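Here is a short briefing on one protein chain.

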Amino acid sequence: KQWYQRRVREEELEGVVEEAEHLGILETYLETCRRLDQTPALREVFGGSVVGLSLGRFPGMTRHLECVFTTILCCTSIRKLDLSFSRFSKDLANMFCSVVPTLTSLQDLNLSGCGINDTSFLKLSESVSKLPLQTLVLSYNLMSSCFTALLELVTQLEALKSLEVVGSTITTSHPISPELSKSVSDSGLTHLDLSQNFIEHYPTFPSKLKSLVLGGSNLDGRTNLTFPATLEQLTLENCNLSDLKLPVHPIGSPCCDGAAGSV
């Protein structure tokens, strides 16, 4: 604690709290304080110039999330936030959705494995839709009926470049509407990972897409895949491709000789 307080006083942290040793000391404070705002040193750092906060897979983080949301997340300078595998309860999800719109500088958000379901995702998407997010990770959640809402969020996040939703049990039973498909195509996404889901109907992929990952997905002869000319890398690992109809020149243009990209 003395080492951490000294670093804070001497302003050697430069407002970035990402390293494991810092988080280890943060855990000590969390264990001994009922509320983070009872610790002036922490409040000074987290309420000031923090630009990155990584609490992913942090032991015991879930039981401290209320304190984190009320004290740390009010820092509007945060650009990167990792809360992966922090298991949100219904109340915590509602609290997060009420706080996250205040993070007006947030560019990178990782909520993998937070227990987000269909209902909480709809609230979350509304909360983050106006943020300048460039990277969004929602892998390993329970969003089985959220594909349309997810695509609508993509069209709302104008700065979004990278989206990863791996293993979130997403299932589709109806084709994507032409209007939504076109809006997705016009988005600025350059990286998309939808691996290990149960998606049968895909939209027109974004026209600026460079990397597409569909590993372990449900692809068969009924799946209609059209790739943009900008695509450089396509991953179809652990997919049954026996009946899948791929375009003649799936990667790059005008040819697919390996120079334009890789499969």
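A nonpolar core is a set of buried Ala, Val, Leu, Ile, Met, Phe, Trp, Tyr and Cys residues joined through side-chain atoms within 4.5 Å. In this predicted model, the largest such core has 55 residues. The chain itself has 263 residues, and 49% of them are buried.

**Overall make-up**

- The chain contains 8 helices and 9 strands.
- Take the contacts between residues at least 6 apart in sequence: 63% of them join residues at least 24 apart.

**The largest nonpolar core**

- Phe 96, Leu 111, Phe 121 and Leu 138 have the most contacts inside this core of 55 residues.
- Helix 5, helix 6 (118-128), helix 7 (147-156) and helix 8 (178-185) are the elements that give it two or more residues.
- Helix 7 contributes the most, with 6 residues.
- Phe 121 is one of the residues with the most contacts inside the core. Beyond its neighbours within four places in sequence, Phe 121 touches Ile 116, Leu 138, Met 143, Cys 146, Ala 149, Leu 150 and Leu 153.

**Helix 5 against helix 6**

- These two helices pack at an angle of about 15°, and their axes lie 8 Å apart.
- Helix 5 is therefore roughly parallel to helix 6, since angles under 35 degrees count as roughly parallel.
- The crossing of helix 5 and helix 6 is left-handed.
- Helix 5 makes the contact through Ala 93, Asn 94, Phe 96 and Cys 97. Helix 6 makes it through Ser 120, Lys 123, Leu 124 and Ser 127.

**The loop between strand 3 and helix 5**

- Ser 86 sits in this loop, which runs between strand 3 (80-82) and helix 5 (90-99).
- Ser 86 is buried, at 0% relative accessible area.
- The Ser 86 side chain reaches the backbone oxygen of Leu 83 at 2.8 Å.
- Phe 85 is in this loop too. Its relative accessibility is 35%, so Phe 85 counts as partly exposed.
- Phe 85 is not a glycine, yet its phi is positive, near 60°.

**The loop between strand 7 and strand 8**

- Gln 196 lies in the loop between strand 7 (191-193) and strand 8 (211-213).
- Gln 196 has a positive phi of about 60°, although it is not a glycine.
- With a relative accessible area of 44%, Gln 196 is partly exposed.

Key: Residues are numbered from 1 along each chain as its sequence is written. This is a predicted model: local features need pLDDT of at least 70, side-chain atom pairs count only at pLDDT 80 or more; totals for chains, interfaces and linings use all residues. Side-chain values use heavy atoms; hydrogens and water are left out. Helices (H or I, at least four residues) and strands (E, at least two) are DSSP runs, numbered from the N terminus. Buried means under 20% relative accessible area, exposed over 50%, partly exposed in between (1.4 Å probe, protein chains only). A polar contact is a pair of N or O atoms within 3.5 Å; within protein, one must be able to donate a hydrogen and the other to accept it, and residues adjacent in sequence count only if both atoms are side-chain atoms. Contact means heavy atoms within 4.5 Å. Axes are lines fitted to C-alpha atoms, for helices over the stretch in contact, and angles run from 0 to 180 degrees between N-to-C directions. Angles under 35 degrees count as roughly parallel, over 145 as roughly antiparallel, 65 to 115 as roughly perpendicular and the rest as oblique. A crossing is left-handed if the near helix is turned anticlockwise from the far one by less than a right angle, and right-handed if clockwise.
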